Amino acid sequence: MSDTAAATARAELADARLYLCTDARTRQGDLPEFLDAVLAGGVDIVQLRDKGMEAAEELEHLKVFADACARHGRLLAVNDRADVAHAAGADVLHLGQGDLPVSAARAILGDDVLVGRSTHTPEEAAAAAVQDGVDYFCTGPCWPTPTKPGRPAPGLDLVRRTAALGTDRPWFAIGGIDLDRLDEVLDAGARRVVVVRALTEADDPGAAAAEFAKRLRQASAH
Ligand SMILES: Cc1ncc(COP(=O)(O)OP(=O)(O)O)c(N)n1
Ligand SMILES: Cc1ncsc1CCOP(=O)(O)O
Ligand SMILES: [Mg+2]
């Protein structure tokens, strides 16, 4: 990615409100159509999150994700692996606390790829808000979720405490968020969310994405 493209991607991240993570299996039969529907609905960033998939297979699936993101002018994210993010030409790499250190990812990717970080405590959130090389961070899970089994949920208190940081760095609430719970997440102070099942399991994913995007943008406007 050129310097200009990276600056554009950072501006798009600043404006982003709705971030989808999905594997390549849940919507196996209609993946391109599903991605087109949610991107048209208002998803700003799409991450292929398919734990345990081998790199070669991940790269193949990422072509479908990259094409969809390019059609809609949205950001493509890779989970966990800097090498795969580089090979796929992704805009974003997401790193958890147990993944590659940010400095190691930067050594592979340089400054042009956006890097995100997971946080699960107020201390981790405060650190991610100022850590060099981090473009955005996520806090959660807000609720226990079968998408991330075994991960204790710090709940909305973490969202409140993250909001209280008053950071300008973009941050997203994650974990167990659906349209019924969105107002609670907004009331706790989040203005950006990451979702999986709320879109992958929606009867009408495009309409669900549009409803998320509308309410997130309304909340951001005041
Ligand atoms: C956007 C986004 N936020 C959080 C996560 C979770 O990352 P991590 O804690 O490393 O867990 P895994 O997803 O790797 O199981 C994410 N992937 N994306
Ligand atoms: C990847 C991840 N990290 C923390 S919660 C989570 C999964 C969120 O999935 P869902 O939106 O289906 O609860
Ligand atoms: Mg990870």
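Okay, a residue counts as near a molecule or strand here if its C-beta atom, placed from the backbone, lies within 6 Å of it. With that, ligand 2 has 15 residues around it, and T145, T147, G175, V196 and R197 come nearest. The shell around ligand 2 splits into seven nonpolar, five polar and three charged residues; nonpolar is Ala, Val, Leu, Ile, Met, Phe, Trp, Tyr, Cys and Pro, charged is Asp, Glu, Lys and Arg, and the others, Gly among them, are polar.

Quick caveat: this is a predicted model, where local features need pLDDT of at least 70, side-chain atom pairs count only at pLDDT 80 or more, and totals for chains, interfaces and linings use all residues. Residues are numbered from 1 along each chain as its sequence is written, while chains are lettered from A and ligands numbered from 1 in the order written.

Now the fold. Eight strands close into a barrel, running β1-β2-β3-β4-β5-β6-β7-β8 with parallel pairing. Strands are DSSP E runs of at least two residues, helices H or I runs of at least four, both numbered from the N terminus, and pairing takes at least two DSSP bridges. For instance, β7 (residues 171-174) and β8 (residues 193-195) pair in parallel over two bridges, and A173 sits opposite V193 in β8.

On to the helices. α2 (residues 31-41) packs with α3 (residues 55-72) at about 30 degrees, their axes 10 Å apart. Axes are lines fitted to C-alpha atoms, for helices over the stretch in contact, and angles run from 0 to 180 degrees between N-to-C directions. Contact means C-beta atoms, placed from the backbone, within 7 Å.
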